[in-house]
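Dear colleague,

Please find the structure for your study below.

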Amino acid sequence: MEPLSDEQLVKYYLSGDEAAFEALLLRYLTPIYNFVARQIGDRTAAQDVTQEAFMKAWKNLSQFDATKRFKVWLFRIARNSAIDYLRT
């Protein structure tokens, strides 16, 4: 059995399956953290920025356009969170 796609997991989460967002979190936690750490150059701060990016994604998941790729959307949120951090 193939693993569920990101978009399927989003659909399931929005239908009430809490475990679906956890699966997305586990799938992308390390890649997002590494991406943010490279962007800001501070591995400790990258933990906070990564957490913030996932919180933003979680809060705005209902706004996600299911015709787009979730991974791209999530990395855009992470990039914007890193930029916000660097501005402060």
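Helices α3 and α4 are oblique to each other, a word kept for angles that are not under 35 degrees (roughly parallel), over 145 (roughly antiparallel) or 65 to 115 (roughly perpendicular). The two pack at an angle of about 130°, and their axes are 9 Å apart. Here axes are lines fitted to C-alpha atoms, for helices over the stretch in contact, and angles run from 0 to 180 degrees between N-to-C directions. Helices themselves are DSSP runs (H or I, at least four residues), numbered from the N terminus.

On the α3 side, the contact (heavy atoms within 4.5 Å) is made by A45, V49, E52, A53, F54, K56 and A57. From α4 come W73, L74, I77, A78, S81, A82, D84 and Y85. By class, this contact has eleven nonpolar residues, one polar and three charged. Ala, Val, Leu, Ile, Met, Phe, Trp, Tyr, Cys and Pro count as nonpolar, Asp, Glu, Lys and Arg as charged, and the others, Gly among them, as polar.

Please note that this is a predicted model, in which local features need pLDDT of at least 70 and side-chain atom pairs count only at pLDDT 80 or more, while totals for chains, interfaces and linings use all residues. Residues are numbered from 1 along each chain as its sequence is written, and side-chain values use heavy atoms, with hydrogens and water left out.

Helix α3 also holds T50. T50 counts as buried because its relative accessibility is 2%; buried means under 20% relative accessible area, exposed over 50%, and partly exposed in between (1.4 Å probe, protein chains only). Not counting residues up to four places away in sequence, T50 touches L29, I32, Y33 and V36.

Turning to helix α1 (residues 6-14), the buried residues there are D6, L9, V10 and Y13. They lie on the same side of α1, because they cover an arc of only 100° around the axis, taken from the directions from the helix axis to the C-beta atoms. Among the elements that cover these buried residues are α2 (18-40), α3 (43-59) and α4. After α1 comes G16, with a positive phi near 110°.

Lastly, K71 is part of helix α4 (residues 70-87). K71 counts as partly exposed because its relative accessibility is 35%. Leaving aside neighbours within four places in sequence, K71 is in contact with D6 and Y28. The C-alpha atoms of K71 and D6 are separated by 7.5 Å, although these residues are 65 residues apart along the chain.
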